[in-house]
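Could you walk me through this structure, one feature at a time? I'd like to learn how to read each feature and then see the case here.

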Amino acid sequence: MPLEKITKIITKVSGCDPETIKPDAELEALGIDSLKAMIVLFEIEEAFDIEIPNEIIPSIVTVNDILKRL
Amino acid sequence: MKHRVLVTGLGIVSCMGLNLKAFWDEIKKGRSGIKPFDLPIEGTKMSVAATVKGFNPEKYFSAKELSFLERCSQFAIVAAREAISDAGLVIGERPLMNAASIVGCAGAGQETFDEASYRLYKEHRSRVHPLSVPKGMACSVISQVSIHLRIKGPAFLISTACASGAHALIQGVSMIQSGMVDVALVGGTETPFNYVQLKSWDALRIVSNDTCRPFSKDRSGMVLGEGAGMLVLESEEHAKKRNANIYAEISGYGMTSDAGHMTRPDVSSVANAMKNTLRNAGINADEVDYINAHGTGTLVNDIAETKAIHKAFGDHAKKLTISSTKSMHGHALGATSALELVATTLALKNSVIPPTANFTVADEQCDLDYVPNDARKQNINTALSNSFAFGGLNAVVALNKHA
């Protein structure tokens with residue numbers, strides 16, 4: 001399940017409680033700052049074998065924004 | 001007014017132990033930390049090395065902190081913590097505002113970009129870790145030292161190969177002398193044991209497969225080492241105001257550049273670095289008791305350094321005690337002069353001349369007193385620490401007993 005994989009990645013990078021990771025949760029509220037966001041995107045690209053273009057990064061605010069790109 | 005500069009704290013991570021006491025105990029015994037090469041790196045010709053054993057990063061750092069820390073940054077911070085605490089300054093209580101942090105490292109970043117290159121060229125993967133730049137940029141070391149030690153004054157990295165630590169110390173000294181800062185954390189760190197660096201040193205054919213035997217006739221080259229050495233420097237006023245423990249005074253320094261050959265030392269230029277130091281410190285040649293030599297254990301260096309000492313000291317050269325502690329802690333490149341400055345400071349404080357370990361046979365071209373194998377109990381009022389780096393970059397520091 002994509003959400004499960006993403007939950008694992010976000011938890012690993014931010015150290016937040018996995019229970020707080022819901023589709024509408026904002027990444028910043030989960031402790032993902034701008035530098036950590038790059039690590040999350042890197043881990044997602046590796047895990048799903050996809051390429052997330054730089055142009056869409058400003059539109060990624062919530063967990064759901066990531067899910068939509070998978 | 002020129003402020004006097006004192007050494008008030010020391011810290012060490014070395015192949016001879018992970019703290020000051022362990023390091024000094026081994027030096028006093030003349031026991032070398034050079035051991036058979038046992039790292040899981042295949043394909044190098046290296047058969048001996050001065051590697052740091054038993055360093056467990058998780059003991060010192062959280063997983064989050066480690067994601068930003070190369071091994072050389074880890075060493076630098078651990079040694080800096082010991083030095084700051086040894087100086088009686090409390091980490092984290094409040095930031096050190098009027099203090100500098102200046103660290104030397106020859107190969108900062110190589111670990112990170114070696115791993116990144118492996119992913120790209122060998123594994124043909126398309127991306128590298130997003131922290132590769134913040135972790136691997138050379139100045140990451142000093143940023144991390146200032147973050148972890150909360151030192152908020154001037155901070156930068158100095159990279160002058162085997163003289164990096166000495167150049168870092170000299171920069172800190174001149175900042176304190178001028179009144180720019182009251183305190184400076186200075187030193188060097190290095191961790192060269194990755195595949196690319198080892199193959200590069202193999203290719204230069206100056207690494208010994210025996211051991212490091214400086215000034216001994218049967219010497220066969222240098223032995224690579226790793227570690228970190230840190231010193232806390234303070235203005236005399238600052239140190240006295242807080243009743244700090246004083247190890248020594250840094251009384252002068254001298255620097256020259258050979259501006260010639262990249263690897264062959266220039267005897268006159270090396271001698272000039274020592275002469276400049278004596279002039280800068282305001283001392284006569286015959287006042288020097290001990291020289292902690294650059295003493296790499298290569299055929300060329302040890303003869304050139306001996307000739308340079310003759311040139312700088314004249315008749316007094318024969319009366320000097322000289323030793324190379326590289327025979328014990330190995331050649332830790334950007335960290336080596338910092339390890340040697342710590343050893344020299346302790347020698348001065350404890351009135352013990354460190355030996356040149358692994359010494360077997362005298363060489364007629366190296367005709368001075370190299371304190372072979374056994375430490376010597378002897379008062380030292382003035383000592384020099386010599387560093388002559390590849391690229392012809394020379395730095396010499398004079399230390400005095402503080403009176």
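Q: What should I know about the model and its labels before I start?
A: This is a predicted model, where local features need pLDDT of at least 70, side-chain atom pairs count only at pLDDT 80 or more, and totals for chains, interfaces and linings use all residues. Residues are numbered from 1 along each chain as its sequence is written, while chains are lettered from A and ligands numbered from 1 in the order in which they are written.

Q: How do I read domains, and into which domains is chain B divided?
A: Domain bounds come from an automatic or database domain assignment. Here, chain B splits into domain 1 (5-241) and domain 2 (252-400). The C-alpha centres of these two domains of chain B are 21 Å apart.

Q: How many residues of domain 1 of chain B are in contact with domain 2 of chain B?
A: Start with the rule: two residues are in contact if their C-beta atoms, placed from the backbone, lie within 7 Å. On that basis, 60 residues of domain 1 of chain B contact 56 residues of domain 2 of chain B. Helices (H or I, at least four residues) and strands (E, at least two) are DSSP runs, numbered from the N terminus. Strand E1 (5-13), helix H1 (20-29), helix H8 (164-178), strand E6 (183-190) and strand E7 (227-235) of chain B each give two or more residues to the domain 1 side. H8(B) gives the most to that side, with seven residues.

Q: What classes of residue make up that side of domain 1 of chain B?
A: For the classes, Ala, Val, Leu, Ile, Met, Phe, Trp, Tyr, Cys and Pro count as nonpolar, Asp, Glu, Lys and Arg as charged, and the others, Gly among them, as polar. The side of domain 1 of chain B that touches domain 2 of chain B has 30 nonpolar, 21 polar and nine charged residues.

Q: Let's look at H8(B) itself. Is H8(B) mostly covered or uncovered?
A: Count C-beta atoms, placed from the backbone: a residue is buried if 20 or more others lie within 10 Å of its own, exposed if 12 or fewer, and partly exposed in between. H8(B) is mostly covered, with 11 of its 15 residues buried. Among them are His167(B), Leu169(B), Ile170(B) and Met175(B). As for length, the expected span of a helix is 1.5 Å times one less than its number of residues. H8(B) reaches 21 Å from its first C-alpha to its last, close to the 21 Å expected. Just after this helix, Gly179(B) takes a positive phi of about 90°.

Q: At what angle do H8(B) and H14(B) pack?
A: Axes are lines fitted to C-alpha atoms, for helices over the stretch in contact, and angles run from 0 to 180 degrees between N-to-C directions. H8(B) and helix H14 (residues 336-350) of chain B pack at about 65°, and their axes are 5 Å apart. Ser164(B), Gly165(B), Ala166(B) and Leu169(B) of H8(B) make this contact with Thr336(B), Ser337(B), Ala338(B) and Leu341(B) of H14(B). By class, that is four nonpolar, four polar and no charged residues.

Q: Now the sheet. In what order do the strands of chain B come?
A: Strands of a sheet pair through backbone hydrogen bonds, either parallel or antiparallel. The working rule is that two strands pair if DSSP finds at least two bridges between them. In chain B, 10 strands form an open sheet in the order E5-E4-E6-E7-E1-E8-E14-E13-E9-E10, with mixed pairing. Strand E5 (155-158) and strand E10 (321-323) of chain B are the edges, each pairing on one side only. From one strand to the next, the twist averages 25°. H8(B) packs on this sheet, and its direction makes about 175° with that of E6(B).

Q: Which way do the neighbours of E7(B) run?
A: E1(B) pairs with E7(B) in the antiparallel sense over eight bridges, and Ile12(B) stands opposite Gly229(B) in E7(B). E6(B) and E7(B) also run antiparallel, joined by eight bridges. There, Glu190(B) sits opposite Gly227(B) in E7(B).

Q: Why is E7(B) described as largely enclosed?
A: Nine of the nine residues of E7(B) are buried, so the rest of the structure largely encloses this strand. Gly227(B), Gly229(B), Leu231(B), Leu233(B) and Ser235(B) point one way from E7(B), while Ala228(B), Met230(B), Val232(B) and Glu234(B) point the other way.
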